[in-house]
Amino acid sequence: MSCVHCGEDCGKHPVMWEDKPFCCNGCSTVYQILNENKLQKYYDIQPMSGIKVEQADVGNKYSYIDNKEIQDQLLDFSDGGISKVTLFIPSIHCASCIWLLENLYIMHKGIIASSVNFPKKTVNITFNDNIVTLRQVVELLVSIHYIPEITLDHLEKKESGKSEKSLLLKIGISGFSFMNVMLYNFPEYLPGGDELSSMFTRFFGIMSFILALPVVIYCAKDYYLSAFKGLKHKMINIDVPITLGIITLFIQSSYEVITGDGIGYMDSLIGLIFFLLIGKWYQGKTYSALSFERDYKSYFPVAVTKINDGKEETVPLSELRVPDRILIRNQEIIPADSILITGEANIDYSFVTGESIPVTKKSGDNIFAGGRQMGSSIEIEVVKEVEQSYLTQLWNQENKKDNKVQLNTLINKVSEYFTVIILLIALVSAVYWMFNDPKLALFAFTSVLIIACPCALALTVPFTFGSTMRQFGRKGFYIKNTDVIENLRGINSIIFDKTGTITINSTMKAQFIGKELDDEQLSIVKSLASNSSHPLSATVKDSIKNRNTFIVENYREFPSLGISGVVNGKRVNMGSCKFVTGKDDPNPESTNVYVFIDDKVHGYFKIENSYRPGLKSVINKLKKVYQLFLLSGDNQAEKKNLSPLFGSESNLLFNQSPADKMKFVEERKKKGEKVLMIGDGLNDAGALIESDVGLTIADDIYSFSPACDGIIESSRFKQLPEFIRFTNTSILIVIISFIISFLYNFVGLYFAVQGNLSPIIAAILMPISSVSVVAFATFSINYLAGRLIPDF
Amino acid sequence: MSVIIILVIVGIVVASLFLIGFIWAVKSGQYEDMYSPSVRILFDDYKESANNDDGDMLADNNIPENKYKNDKISNQ
Amino acid sequence: MELQKFTYDNKLTNYFIWATVGWGLVGMLVGLTLALELIFPNLSGEISWLVFSRIRPVHTNAAIFAFVGNGFFAAIYYSMPRLLKTPMYSKALGNIHFWGWQLIIVLAALTYPFGFTQSKEYAELIWPIDVLVVVIWVVFGLNMFITIINRRVKHIYVAIWFYIATWVTIAVLYIVNNLALPVTLTLSYPIYAGIQDALVQWWYGHNAVAFFLTTPILGMMYYFIPKAANRPIYSYKLSIIHFWALIFLYIWAGPHHLLYSALPDWAQALGVVFSVMLIAPSWGGMINGLLTLRGAWDKVREDPVLKMFVVGVTAYGMATFEGPMLSLKTVNALSHFTDWTIAHVHIGTLGWNSMMNFGMIYWLVPKLFKTKLYSAKLANAHFWIATLGMLFFSIPLYFAGFTQALMWKEFTAEGFLAYPNFLETVTQILPMYYLRAFGGTLYVIGAVLFIYNVWKTAAQGSFVRYENDEAAAKAPAKPKESFHRRLEGRPLQFTVFALVAILIGGLVEIIPMYLVKSNIPTIAAVKPYTPLELEGRDVYIAEGCYLCHSQMIRPFRNETERYGEYTKAGETVYDHPFLFGSKRTGPDLARAGVKSLPNYKPDSWHFNHMINPQKVSPESIMPAYPWLADNEIDLSVTPDKIKAMRTLGVPYAEGFEDIAVDDLKAQYAEIAKGLRSSGIEVGDNKEIVALIAYLQRLGTDVYNNK
């Protein structure tokens, strides 16, 4: 049966409360809290909408929020006892979450009001800071399993959304003018248009001129700026012909309206700008809750507990100085390079350097920043400043090379030829008409520019890539912007990181090698292993399924060696080969846990990474087309498993430091290859930025992943080849749409060159060409995505 | 037929009034979140029926039973 | 910024609900009597204030302004405070608005049956009541806008945008259409004339439908369907897009009522294009409404409220598709002036407006009276009766409309009209009128069930006048520097605004200059009406003859064969107000006075026909107007009428108003002598003679044979 709170399976013996089943204590405590506050409607809006969180005890995890300085950075507004804070809560996902988070004031008198912004997954809470402190607000949220994500880069508020508003505004204004001017220009085209007296023509002309002004001046501003910037770099991007088209259209129409001998092309002009702006909006889709520009700041904690002469006090990270002594608790991240003073340090570097197995350190050893302490809390002394630590130092180097030069994308290349050809045609027709009928010369020149304006061309890319991006998003592959699609198409070699990317680092596999253990021996091993918090013993314990455990007497732990105890009257030792057998380990490259029961060594558990399902099929598919490489910070333990997969030995490199990975990518790029790097940890950050396309694989897309161009949900890893191949199809569709828009241009030029491009032809041709190209691009992408990327 | 001019002028004046309304709406951030308003209007049902401390609000359990016993009560 | 507690006052919502229910029944009963009067012409007997042509405006105004109006006022007074978490700004303004609106309805019900009307459809109110309407509308607007300004919730839900749009557009429409020069307390002449008056009227007419019968009800839909179905609206983004698309594009509504009339071709074509473009925003609303219920169809099956809403929204979709189809010129050539238009109107009103009102009240009354709906079975019964009623009303009228149009247009092989006598079509469609009356009866029975059910619900519950709520106070407004100072900060926008302001200012000066010299090609032969004919025209308006008789011959062979030369724009240049009419229950009278045309009838025929139409043509369904032979013309007002007409641009000679009464008497004596020679005795200054003078003058100028 499923848990009332979060809907997960409760297993055989669920936690019962008032005869309602819960999968864990956490869920039942939340249910009780909501019950007390009469908020059980939470489960009516959307049943089983709760979120499951393992350890609910907060302890003083949020003590750092009491620090005044951090509070000032976190709070948006605070004076006269009222303060406002905006917290990012990734686990907001449904109407019940909105309802509960907006009824916080029922749960605590201090909270005045709270409102949720659903797409950004933020909640804006206003509270009375004499009654409730910010920390209590955060702890209230955590108590109902809505855990806010507070990291360093959240402190420096980035005001996004400005551009979103101005684009929406431009679309609104141009839409308004387009609809109205279209109606002013219709009488000319409609039956009976000839008997339109001159008074009306002038009147409609003036009105369309007035309405065109704000559009041409304000709404099309971005195109002029980007064209001007392009020309400054002596590069004709797509915005140059657009600006040319707009300017000519506007001057030609204003001339006709003012001299009163025509109605002008105002409706085509505003329609062009309106469609272009919609294209820009469609292409500019962003995932407001995801962020692709994370750096180490959003990974490290906001504050640390410093120990000066025995007293613990929380200190913001920025105030950490060399020889400070700090306390690191279980699952906390080490903020700076330091030396271990006391405590048993098991550092999990999988996310930082790629080593899949946690490393045990003795006091006096050196510890790198970024590792995560597993097990009991330790005391360390800072050796280097946070910014200078080995890892972040690596980070600062890359920032110089971070702004990739604006790739000369396909569309800009096409627009260069396009502009040159069009200007040529315009000149030729002007010169031709100069001899035959001078009056027509200027008109022919302008009408060539008008009709050939690349409206359809300029809409192809935004709508094709826009829909590709949306289709990818729907299938679990979130990319930063549409340029990624083009870069992804051009790659020819792929580099994989091992830990966390092709392996699932949270669960490891343990395989027993040696004489088969009987049931009693298995449960003995399990009971001893379950006493130690060392990750390796946890893996061994999990690998022994449904065995009950016995009680263990005089259990002793030897740091970085092993554990021993007496179970069922039998002496049991488990640990490294040296500890258990006294001899060196016969096969050093793999990690083994030897088992000694009663009187002899029965064998050893071989610890291996468990690979992502479907890895084999992905590698085989990619191997045919691209050159594959594996760079791992881990030891060679997995070489035997991986080499059959990757084929040639040469491509597998181990013990790669983050700097080595980056240098490797640079070498490949110097050889002129286009590199795709797929990684997940901090150690891949440098390589991800350096490579042409950097993708990260994330189990939870809202958790930290280094700066990259795209995030793939781990469940969608199997479809990586299809995603990459689909970029070819979308480029193909762009090319087909180009051809369609060229056809329209030829038809238009046929009229323009003869100098009889009447407003009605422009008014018909321009919308039809744009709409047909847009429709073609969008529908074909949606259709092909459905077929080519099956979501099984 | 010059009344058409009046109608067009009146029409465009009213339409630009609404355009200014649109500009104000976008600027004042009415369209930042396009999902929660549609859900938020359903919430006050719950508050009303959640009998909070001053108790005089419409609580689920104190709606009087329908005196005229007939078919299944429909829409509550 | 602290948490504030406040209470909503449901009193006005309750008042408006019962006003809706009451006036709804009145409007439907009057509608039913009209339907019966079309079958039994002398149902109203000699009573002048019950005759079909006088009480038809009572039906339309009661249905639109009383039933739908009060309905969405109830919706606004209930939904707006809850959406903005702020009670309505002032109870006093609310009361003035409520009682003022009911007063207007009562005044309308008292003036129309006694002949005080302006003849412009859905704007028939005489000018003093117009002023009252504007005052009450401003009171309502004040109350609404101040509540919005003081709102606690920052976001303005889309329903409220619809209410705002309704208020602004109706205010502008009503004022522009009712610009008239008062002559006496109960009489005024619009400043526009002929085809221009027609265009302004139908610009108002279409948009009264669009912004009184659609946008507020869409606002209601966006609030009440999510509430009743307990599910968020299908796509909030779509509702925003379709709202702004509807509002930005609001100029060219109207000409599709005047297709093939004297309106210039390009204006007609633009009207058609605009109406077809209106499908997009309207269907955006329908899709949003219906798709909100996807997945809840099982609930819809047995919940009468949702059933009402579903049929309402579907009818809205049908009507807003049928409308653009009707405005295509080819379809309009067939459907204009026939019963098809009436069927289209009633799909919209019986389907969309009434069902949404019923649904809202079925949902709201139980909530307001803290009880369950008295009987769901009864509500379901009402639903089925109402739907059947609507179908029985509209489908027969579709047949009637097709039959009329085809019979009017049919030619024999030799090229003569197959049915030259107009009565043949009238008698042919009488059975459909019976069915329509039956449909109407069904609908009224449904309404009675509705009232009984809602009344019982209220009786068994206890009215909840105050409902508490709490929300954070309004965010303190940032000290905003004045709009002008901020604008100076942005040179670019400032120049654009300045430019726009100057140009619009300039245009507003130029326009009056154009307006005076209205450039409709005046026809030399067309002369203003004589005083007697002018009095006769006012009788024609007072009795409401324009409701069944059109005065607009369209350029089709069958119409020119039947009625004579088609109406030119120049002929109606002195008609304040225009009398094109929008329905041909009776034949077109544009050329009634031309002796050489088949439809010409001598004075005596008109006299006898007016007193007792069935005596003259037995199958006729025209009611009798015997009182015309008794009522007298108020000669004291005639000079003022002439003066008023002159100020409106009608070229009466200087000082003509002094001799106007003598001219009237002379013409009167002449007609009376003619009547006496054919054995009809008539007193002096009788309305019937003035009416005959007017009828005999219609359309003669162009044929220049008196």
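**Figure 1. Buried residues of helix α6 in the predicted model of chain A**. Helix α6 of chain A comprises residues 134-143, and four of its residues, A:Leu134, A:Val137, A:Val138 and A:Leu141, are buried. Viewed down the axis of α6(A), these buried residues fall within an arc of 95°, and they therefore line one face of the helix. An α-helix has 3.6 residues a turn, so residues three or four places apart point the same way.

**Figure 2. Elements covering the buried residues of α6(A)**. The cover includes one helix of chain A, α3 (68-74). Strands also contribute to this cover, among them β3 (75-79), β4 (82-88), β5 (111-117) and β6 (122-128) of chain A.

**Figure 3. Backbone just after α6(A)**. At A:His145, which follows just after the helix, phi is positive, with a value of about 65°.

**Figure 4. Segment 398-407 of chain A**. Chain A as a whole averages a pLDDT of 81, and 92% of the residues score at least 70.

Figure 5. Taken along the principal axes, the C-alpha atoms of chain A fill a box of roughly 110 × 65 × 55 Å. Of the 792 residues in chain A, 44% are buried. Among the contacts in chain A with a separation of 6 or more, 67% join residues 24 or more positions apart.

Conventions
Residues numbered from 1 in each chain as written. Chains lettered and ligands numbered in written order. Predicted model: local features only at pLDDT ≥ 70, side-chain atom pairs only at ≥ 80, totals over all residues. Buried ≥ 20, exposed ≤ 12 C-beta atoms within 10 Å, placed from the backbone. Helix = DSSP H or I, 4+ residues; strand = E, 2+ residues; numbered from the N terminus. Arc of directions from axis to C-beta. Contact = placed C-beta atoms within 7 Å. pLDDT = per-residue confidence, 0-100.
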